[in-house]
Amino acid sequence: MRTTVPQQDGGPPPRRSDARRNRERILAAALAELTHSPAVALSTIARKAGVGQGTLYRNFPDREALILEVYRFEVQQVHDAARHLLATRPPDRALREWLDRLARYAAAKAGLADAMREATRAPATPARWGHAPITEAVELLLEANEKAGTIRPGVTPDDFLLAIAGLWHIGTRADAGERARRLFDLVTDGLRAGAPGAPAEEPRPSRPVTPPERRRSSGEPGRRRP
């Protein structure tokens, strides 16, 4: 008698490893190409990914579906990076390195917005693209740092995202990386101010006052006696 293996409900069948790798290669190639050239041909993306056009269309039936999935995939990578960094770095280091990852995401998002306009001829605004995973990543990082005493208490994800809002205006300009680093340095310095675990600032030594007689003998200008 043949034994029937029951199928589990509530999800797609498991994807074969080679098919999953093809899909991830397509997404990585699409992210790189669309960021630099929003109108890049899908055939170019398939070639860069090392797959045939048939494989690309089996995964993504049209250009808009590919672009939306690239964006969703990139957001998820940024979210997952926060968890990975917190598991492998001290909280303050994890936050700073995650901000560098966020800067790369911001540059990609600027290119993908142009690609979305090319694909749909409709505004591609952040309101259409959910940022819940980014907010969740920020919450994880802030909670870990507050618990470690490396940031001032009471900072909310909204506070943090408002503080780095300038990131979304940097775009893909040539000095975007340097501008993002300067912004993040300012923000992280501000977060450390008042942190329970931050080292107390040492008072600067006062400059000794040289008596007028010594200033004159050493050639320094002094007041003339009347």
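In this predicted model, the side chain of Asn22 makes a polar contact with the side chain of Arg25 at 2.3 Å, a polar contact being a pair of N or O atoms within 3.5 Å of which, within protein, one must be able to donate a hydrogen and the other to accept it, with residues adjacent in sequence counted only if both atoms are side-chain atoms. Asn22 lies in helix α1, which spans residues 17-36; helices here are DSSP runs of H or I with at least four residues, numbered from the N terminus. When residues up to four places away in sequence are not counted, Asn22 touches Val51 and Thr55, where contact means heavy atoms within 4.5 Å. Residues are numbered from 1 along each chain as its sequence is written. Because the model is predicted, local features need pLDDT of at least 70 and side-chain atom pairs count only at pLDDT 80 or more, while totals for chains, interfaces and linings use all residues, and side-chain values use heavy atoms, with hydrogens and water left out.

The axes of α1 and helix α2 (residues 42-49) come within 8 Å and cross at roughly 125°, and the two helices are therefore oblique to each other, a term for angles that are not under 35 degrees (roughly parallel), over 145 (roughly antiparallel) or 65 to 115 (roughly perpendicular). The contact is made by Arg25, Ile26, Ala29, Ala30, Glu33 and Leu34 of α1, together with Thr44, Ile45, Lys48 and Ala49 of α2.

The unreviewed UniProt entry lists residues 41-60 as "DNA-binding region", an annotation that may be inferred rather than shown by experiment.

Key. Axes are lines fitted to C-alpha atoms, for helices over the stretch in contact, and angles run from 0 to 180 degrees between N-to-C directions.
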